[in-house]
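Here's a quick tour of one model, with a stop at its ligand and another at one of its helices. Have the structure open while you read.

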Amino acid sequence: MSNIDFLLSRFSSGALKEPAPSDQQLHQILSAAVCAPDHGKLRPWRFIVIPKQNRAEWLQSVEQSMQKPEYDYPASYLQKVQHNFSCAPMVIALGMRQITEKTSVTVDEQLMASSAAVMNVLNAVHAFGFGAKWVTGPIANQDIVDGLGFQEPYRMLGFLFIGTLCEAEVAPPRVAIDDYVAIWNGKPVQFKVDSK
Ligand SMILES: Cc1cc2nc3c(=O)[nH]c(=O)nc-3n(C[C@H](O)[C@H](O)[C@H](O)COP(=O)(O)O)c2cc1C
């Protein structure tokens, strides 16, 4: 497969089975993260691997926090979280360190660099033939953020579930790029997708 076909064939999937990437593969996958564009070289991205051997303890703390009345999660969401965290072969919590002193680089730019780093991780996972899904959702309550160590100045950016794709999965149809790209001809542009 050519490099461009490789990029065009990536898709997200939460239907994952064992095995997960090996430690060596994970090291390379995370090394791809730090190749992301990074204004001011602030390295804002942070990754917390939640290893299989600590997953039961992690899940227990998630369940305890989600059952607190102040959070008011629907039972169906708790079940979904239990399923995702117990079944995913690999779980990585995503975060960033927000730097506001001695830099002119905005936190928005740091968020963009951190998101670009996650995208590199998704592509590196795909390069090794694995699948992944980035989720945020309402799970990041204060107890979960604190339990990970992602309280300020850090900011939580979600979780990555990583593993082997189920055979039946194929890439979904993609949108037409012409809808999202315009050529500037001296006047403000009108995107096709927004004028439909
Ligand atoms: C920052 C971010 C957060 C996301 N959070 C969720 C989520 O909480 N739940 C979910 O089902 N999908 C979530 N998604 C979407 C999936 O990760 C994925 O992008 C989507 O299913 C489309 O698949 P694709 O990557 O193949 O286009 C999120 C995506 C991004 C970029």
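What follows looks at the ligand shell, then a serine within that shell, then a helix. Keep in mind that this is a predicted model.

Let's start with the ligand. Around it sit Phe11, Ser12, Lys133, Trp134, Val135, Thr136, Gly137 and Gly158. Strand E4 (residues 131–135) supplies the largest share of that shell, three residues. Sorted by class, the shell has three nonpolar, four polar and one charged residues.

Now pick out Ser12, one of the shell residues. You'll find Ser12 in the loop between helix H1 (3–8) and strand E1 (16–17). Leaving aside residues up to four places away in sequence, Ser12 touches Ala132, Lys133 and Trp134. Ser12 also sits 8.5 Å from Leu122, C-alpha to C-alpha, although the two are 110 residues apart in sequence.

| Side of H2 | Residues |
|---|---|
| Buried | Leu26, Ile29, Ala33 |
| Exposed, turned away from the buried side | Gln24, His27, Ser31 |

Why do the buried residues of H2 line one face of the helix? Seen down the axis of H2, they fall within an arc of 65°, so they share one face. An α-helix has 3.6 residues a turn, so residues three or four places apart point the same way. As for partners, the buried residues of H2 pack against strand E2 (45–50) and helix H5 (107–127).

Methods. Residues numbered from 1 in each chain as written. Predicted model: local features only at pLDDT ≥ 70, side-chain atom pairs only at ≥ 80, totals over all residues. Near = placed C-beta within 6 Å. Helix = DSSP H or I, 4+ residues; strand = E, 2+ residues; numbered from the N terminus. Nonpolar A, V, L, I, M, F, W, Y, C, P; charged D, E, K, R; others polar. Contact = placed C-beta atoms within 7 Å. Buried ≥ 20, exposed ≤ 12 C-beta atoms within 10 Å, placed from the backbone. Arc of directions from axis to C-beta.
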